[in-house]
Structures are given as C-alpha cells and as structure tokens.
Amino acid sequence: MGKGIFFTSASMLLAILITATLRHHHHHHPTNSPPTHYPSNASKLLRSNGFNLMANFLHISPELLHSTPQTIFAIPDAAFANLSIPPYMIKHLLAYHISPTKLTTQDLLNKPLKTCLPTLIHHQTLSITKIANKKQVLEINNVLITHPDLFLQQSVTIHGVAGSFAWYDHRQERITLPYCKPDRDELGFIKNKEEWGRVIKFLSSSGFMSFAIGLNSVTDGIVKEYPDLDSVTIFTPPNVALMAMSSSPLLDKFMRFHMVVQRHSFKQLAGLPPGASLSTLVRGKHVDITENSRVSQVMSINGVAITAPDLFVSKNFVVHGIARALNMDELSSMSR
C-alpha cells in the first residue's frame with residue numbers, strides 16, 4: 001500500500017515538474033500543437049497501457065515529433081519515477097528513445113544482432129542486444145520490448161519497453177547513453193564507397209552528370225559525419241548549374257538537402273500523409289511531402305513534383321528524379 005502511494009506521488013510530482021519546466025521554457029518559445037502525422041489515438045493507447053507520462057510529454061513537446069517516419073520506444077511510468085532525473089533533461093532522454101525510422105517488430109527481428117539504430121540525438125544510437133525469433137522476444141540496450149507494435153499507423157510506430165534505455169548519473173549530473181558498437185561485418189553501408197560509386201556512375205550515365213559530380217565531391221564528408229547511416233534516398237533534379245557553387249559550402253548544403261535519411265521507394269512515400277517530414281543530411285533541416293495523390297500518382301516534395309520515381313533502387317539507395325531543384329533560399333544563409 002505504502003509502495004503504491006509512493007509511486008503515485010512520485011509520478012504526480014514528476015508530471016508537475018515536467019509541465020512546470022516546459023511552461024517556463026515555452027514562455028519564450030510558444031508551443032505548437034503536435035504535428036498532424038501524430039495520431040491522437042496513439043496517446044489514448046499509451047495512457048491505457050501505463051505510459052501516461054510519455055503521452056503527456058509527447059503532447060506538450062511536439063518538436064520531437066516533426067521527423068517522419070518515426071519509431072517511439074515508450075518508457076513506462078514506473079521507470080520514469082525511478083530515474084530521478086532533473087526535468088530539464090527529460091526532453092534529451094526522450095529524444096534518445098525516438099528513432100527517425102519506421103521499425104515494426106518484424107523489421108527489428110529481421111535485423112542482425114548488435115545492429116545500431118539511429119536516434120534523434122546526433123551520433124547517439126541504440127543497439128539491438130537480443131533477438132529470439134521463435135518467441136518474438138526483442139531487447140534494445142538490454143531492455144525488453146514489453147508491448148511490441150503497441151501502435152502502428154501510417155509513418156508512426158510505437159513500442160512499449162520495460163524501462164529506460166539510458167540512466168542518470170547523479171555524481172556527474174548527466175545522462176549516460178550506452179554506446180552501440182556494431183560487429184565489423186555489420187558496419188553501415190555508408191562506409192562502403194563502392195556503393196556510392198555505383199550510384200554516382202548511374203547518375204552520370206543517365207543524364208545527371210552535374211549532380212553526379214556534385215555527389216562525388218561531398219561523399220567523403222557524408223561518410224565521415226554519418227558513420228551509422230544505413231540507407232539514403234536521393235532526389236535528383238535535371239542538370240543544374242552547380243559549377244557556380246563549386247568548392248563552396250553552398251554546394252555541400254545543396255547536395256545534402258537533396259538527400260534524406262533512410263531508403264524510401266515511391267510506394268513507401270505514397271504511404272506517408274501530406275505534411276509528413278523527412279530528415280535531410282543537412283543537420284536540423286527536413287523536406288515535406290506537400291502533395292500525395294494515390295489516384296493521379298502525383299507526389300511533390302517541398303512543392304516540387306517527383307517526375308521519375310525509383311530511377312535507381314538497391315538495398316541501401318533509392319534515387320527519384322524531380323522536376324527542378326529544391327528551393328535553396330533558407331539554406332543559402334546558413335553557415336555550417
């Protein structure tokens with residue numbers, strides 16, 4: 001009885017602290033409502049399965065939900081109460097429990113053990129530490145997935161887990177995030193320059209010579225900056241005047257802005273709703289699906305139509321041809 005009262009009190013106190021902290025933070029930064037791709041019935045499912053605090057925080061912190069597709073690993077209320085984490089660090093903790101990829105239970109079971117999964121925190125990944133296909137048992141960072149496929153809809157997947165993937169170090173006053181070290185045989189494709197070379201060769205022989213030259217010039221930087229990236233989608237415009245950007249930071253931004261994290265075939269893109277966001281290789285920048293008609297088979301990215309879908313398709317790459325280059329106005333003023 002006493003233990004139950006303690007847990008309830010701890011949960012209520014944590015919820016109050018989270019809300020108070022966020023209200024203070026958003027006094028200077030007005031909060032928007034959750035993105036349209038985040039379904040309201042997901043919150044109901046979370047609450048009915050013991051993930052009340054997770055549902056509350058995701059509702060009042062919509063900036064965590066703007067990238068799609070997305071997999072959320074929900075922390076149970078009891079685990080939150082036991083973390084004793086300062087409220088201002090909770091958003092950072094939750095970002096580590098969200099992957100900008102759609103990962104169903106079957107997707108996870110199909111991956112090799114020790115596969116590293118990207119999170120919303122730069123250079124911080126999760127690790128698949130246990131796979132038992134017959135029993136459908138999965139562990140991430142040695143934490144059991146207790147509610148597999150709790151929610152599956154459009155571009156959002158939610159799994160409930162037994163506890164937090166990270167812990168709070170009271171002595172150093174910081175969150176400790178486990179390091180994912182993949183087997184050498186399972187290193188991300190991004191380190192395989194031969195596959196990049198095949199894409200560049202295809203583009204150069206298919207009428208996209210200038211884009212191929214631009215891609216070749218930025219490949220080394222992408223390989224270095226994204227060691228855990230496992231697949232990419234490229235939106236290539238008709239030949240554009242890239243020579244004016246040659247050897248400049250603008251060329252690097254231009255090429256990266258036309259590439260998004262994860263492999264998305266035209267069929268997979270068609271399954272995403274208008275307004276869904278895709279994270280590009282420019283840090284903090286995304287592109288949006290602005291038109292998606294299954295009837296007319298018309299799809300646009302940032303208002304630019306995909307005119308040649310699935311030009312090049314491999315296990316790790318998809319290349320789509322688009323009508324023109326994406327708008328660079330915002331990026332041209334950025335500094336790396």
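The axes of helices are lines fitted to C-alpha atoms over the stretch in contact, and the angle between two of them runs from 0 to 180 degrees between N-to-C directions. Two packed helices are described by this angle and by the distance between the axes. The model examined here is predicted.

The protein contains 10 helices and 16 strands. Of its 336 residues, 50% count as buried. The accessible surface amounts to about 16400 Å², and carbon and sulfur atoms contribute 55% of that area. Among contacts between residues at least 6 apart in sequence, 64% join residues that are at least 24 apart.

Helix 8, spanning residues 209-225, packs against helix 9, spanning residues 249-257, at an angle of about 90°, and the two axes lie 9 Å apart. Helix 8 is therefore roughly perpendicular to helix 9, since angles of 65 to 115 degrees fall in that class. On the side of helix 8, the contact involves Phe211, Gly214, Leu215, Ser217, Val218, Gly221, Ile222 and Glu225. These residues meet Leu251, Asp252, Phe254, Met255 and Arg256 of helix 9. By residue class, the contact of helix 8 with helix 9 comprises seven nonpolar, three polar and three charged residues. An α-helix has 3.6 residues a turn, so residues three or four places apart point the same way.

Helix 9 is largely enclosed by the rest of the structure, because seven of its nine residues are buried. The buried residues in helix 9 are Leu251, Asp252, Lys253, Phe254, Met255, Arg256 and Phe257. Arg256 also takes part in a polar contact, its side chain pairing with that of Glu225 at 2.8 Å. Glu225 lies in helix 8 and has a relative accessible area of 18%. Glu225 is therefore buried, as the cut-off for this class is under 20%.

When residues up to four places away in sequence are not counted, Trp167 touches Leu83, Arg174, Ile175, Thr176 and Pro178. Trp167 and Pro178 stand 11 residues apart along the chain, and their C-alpha atoms are separated by 9.0 Å.

Notes: Residues are numbered from 1 along each chain as its sequence is written. This is a predicted model: local features need pLDDT of at least 70, side-chain atom pairs count only at pLDDT 80 or more; totals for chains, interfaces and linings use all residues. Side-chain values use heavy atoms; hydrogens and water are left out. Helices (H or I, at least four residues) and strands (E, at least two) are DSSP runs, numbered from the N terminus. Angles under 35 degrees count as roughly parallel, over 145 as roughly antiparallel, 65 to 115 as roughly perpendicular and the rest as oblique. Contact means heavy atoms within 4.5 Å. Ala, Val, Leu, Ile, Met, Phe, Trp, Tyr, Cys and Pro count as nonpolar, Asp, Glu, Lys and Arg as charged, and the others, Gly among them, as polar. Buried means under 20% relative accessible area, exposed over 50%, partly exposed in between (1.4 Å probe, protein chains only). Accessible areas come from the Shrake-Rupley method with a 1.4 Å probe; for residues, only the protein chains shown count as cover. A polar contact is a pair of N or O atoms within 3.5 Å; within protein, one must be able to donate a hydrogen and the other to accept it, and residues adjacent in sequence count only if both atoms are side-chain atoms.
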